[in-house]
Amino acid sequence: MVTDRGLQVLRAIVQDFVDTREPVGSKAIVDRHAFGVSAATIRNDMALLEDEELIAAPHTSSGRVPTDKGYRVFVDHLAEVRPLSTAQRSAISAFLEGSGDLDDVLVRTVRALTQLTGQVAIVQYPSFARANLSHVELVQLGGGRMLVVLVTDTGRVSQRLAIVRDEFTDSELAQIRTEVASLIVGRSVREGAQRVEEYLGTADSSNAPHDAATSAIVSVVAEELEEFRQDRLVMAGTATLARSESDFRGSIYPLLEAIEEQVTLMKLMSEMVADDHGLAASIGRENEPFGLGEASVLASDYDATGSRARVGVLGPTRMDYPTNFAAVRAVARYLTRMLDEDETPR
C-alpha cells in the first residue's frame, strides 16, 4: 500500500528522471523538493516504492528510476492535467486556422502536436461507417464528366469525379440521381455500401448511355463509401524517435515498423480505455501484445460532427506525461470545435 507521501516521492522521481535522464537519489529529492523530512525518511519511502515495483535501481548503489508500473501509478494519480500556456494555445490556433479540407486539417493537427510535445503525433481519421446518407447530388461538368456529391447526417460532404462519356438533359439527370438515391439515401453507410455492391453485381451490361452512366456513378459511390468505412491514421514526427533512441533499451525498429504499417497502431489506439475526460494512456509493458513494450501512447477523443476518433502521441516511456496529456487534450478540443463549427468537407 503506497502512502500519500510515497506517491509524492514517486511523482518527484518521475519528474526528476524525465528532466535529467539520471537515476534519482534520496538526497536529490530532499534538495529539489520541499518534503520537510530527512533523506533517511525519503530512503524508507523509496524502499517501500521499490517493494511495490514502482521504482528500480538500474545499477548497484545508484539512484532509482520509475518502472512501467510506476509510470502507470503516476499517470493514474495525476491530480489534474494542467492547461497549456497562452503561447502554446496560440501555436495550436496558428497551425490549424486556415485549413482546407479534412485531410489538410488532420495533417496540420499532427504537425502542431509533434511540435508541442517532441513526440510522434498520431490522429485517426473519423469513421463514418455508422453515419446515414442524407443526400446525393450529380453535377455535369461537361466533357462526359460528372461530379458526384454525397452528404451524411453527420455533416460530412464528399465529392468524386465520375466519367460517364455522355451528356444528359435535366430530366435524364434527375432520373439517374433518383436511381442512385434510392440505393443509399436514408440508409447507413454500411447498408448503402452493401446495396451498391449488390446493384453492381446485377447491373445491366448494355451500352445504353443511361445504364452505363448509372453504373459508372454507382461504382464511384461504392469507392467513396468504402473510404467512409476505413480506419486510417495520419502521423508526423517520426524523426523524434531517433533523437530519443537512448531511452529505448532495445531497438526502435518495432516502433518504425508499427508507424509504417499502421495496422498495429490503429488496433492499439482503438482498444485503449479512456477515462471520464476522454483521456487514455497505454504504458510500456501494457503494449507488449502490440510489439511496443518500450513505448507509451497517450490519446484523447475528438468528435467529428458525431463520429468519434482519437488524436495522440507515441514515444518512450520516459516522457513528460502531464505536459503531453495537456497538449493532446488541447489539440483534441480544438479539433472538435473546428470540425463542429465548419463541418469540414473531405
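Thr109 is found in helix H6, which spans residues 102-117. Helices (H or I, at least four residues) and strands (E, at least two) are DSSP runs, numbered from the N terminus. The structure is a predicted model, in which local features need pLDDT of at least 70, side-chain atom pairs count only at pLDDT 80 or more, and totals for chains, interfaces and linings use all residues. Residues are numbered from 1 along each chain as its sequence is written, and side-chain values use heavy atoms, with hydrogens and water left out.

Thr109 counts as buried because its relative accessibility is 0%. Buried means under 20% relative accessible area, exposed over 50%, and partly exposed in between (1.4 Å probe, protein chains only). Thr109 touches Leu96, Val311, Val331 and Leu335, with residues up to four places away in sequence not counted. Contact here means heavy atoms within 4.5 Å.

Helix H1 covers residues 4-20. H1 has 17 residues and reaches 24 Å from its first C-alpha to its last. That is close to the 24 Å expected at 1.5 Å a residue. The expected span is 1.5 Å times one less than the number of residues in the helix. The buried residues of H1 are Gly6, Leu7, Val9, Leu10, Ala12, Ile13, Val14, Asp16, Phe17 and Val18. Their cover includes helix H2 (26-32), helix H3 (39-51) and helix H4 (68-76). Strand S1 (55-56) and strand S2 (65-66) are also included in that cover.

Two packed helices are described by the angle between their axes and the distance between the axes. Axes are lines fitted to C-alpha atoms, for helices over the stretch in contact, and angles run from 0 to 180 degrees between N-to-C directions. The axes of H1 and H3 come within 9 Å and cross at roughly 90°. H1 and H3 are therefore roughly perpendicular to each other. Angles under 35 degrees count as roughly parallel, over 145 as roughly antiparallel, 65 to 115 as roughly perpendicular and the rest as oblique. On the H1 side, the meeting residues are Arg5, Gly6, Val9, Leu10 and Ile13. On the H3 side, they are Thr41, Ile42, Asp45, Met46 and Leu49. The residues of this contact of H1 with H3 divide into six nonpolar, two polar and two charged. In this scheme Ala, Val, Leu, Ile, Met, Phe, Trp, Tyr, Cys and Pro count as nonpolar, Asp, Glu, Lys and Arg as charged, and the others, Gly among them, as polar.

Just after H1, Arg21 takes a positive phi of about 65°, although Arg21 is not a glycine. Arg21 is found in the loop between H1 and H2. At 41% relative accessibility, Arg21 counts as partly exposed.

Arg21 is also one of the contacts of Arg318. Arg318 sits in the loop between strand S10 (307-316) and helix H13 (321-342). Arg318 counts as buried because its relative accessibility is 12%. Leaving aside neighbours within four places in sequence, Arg318 is in contact with Phe17, Val18, Asp19, Arg21, Tyr71 and Asp247. The side chain of Arg318 reaches the backbone oxygen of Phe17 at 3.5 Å. A polar contact of 2.8 Å joins the side chains of Arg318 and Asp247. A polar contact is a pair of N or O atoms within 3.5 Å; within protein, one must be able to donate a hydrogen and the other to accept it, and residues adjacent in sequence count only if both atoms are side-chain atoms.

A further positive phi, near 75°, belongs to Arg165, a residue other than glycine. Arg165 lies in the loop between strand S6 (157-163) and helix H7 (170-184). At 64% relative accessibility, Arg165 counts as exposed. Ile163 is found in strand S6. At 52% relative accessibility, Ile163 counts as exposed. Ile163 touches Gly144, Arg145 and Ala216, not counting residues up to four places away in sequence. Ile163 and Met146 are 17 residues apart in sequence and 6.2 Å apart in space, C-alpha to C-alpha.

H7 packs with helix H8 (residues 189-202) at an angle of about 125°, with their axes 8 Å apart. That makes H7 oblique to H8. Ser182, Leu183 and Ile184 of H7 make the contact with Gly192, Arg195, Val196 and Tyr199 of H8. By class, the contact of H7 with H8 has four nonpolar, two polar and one charged residues.
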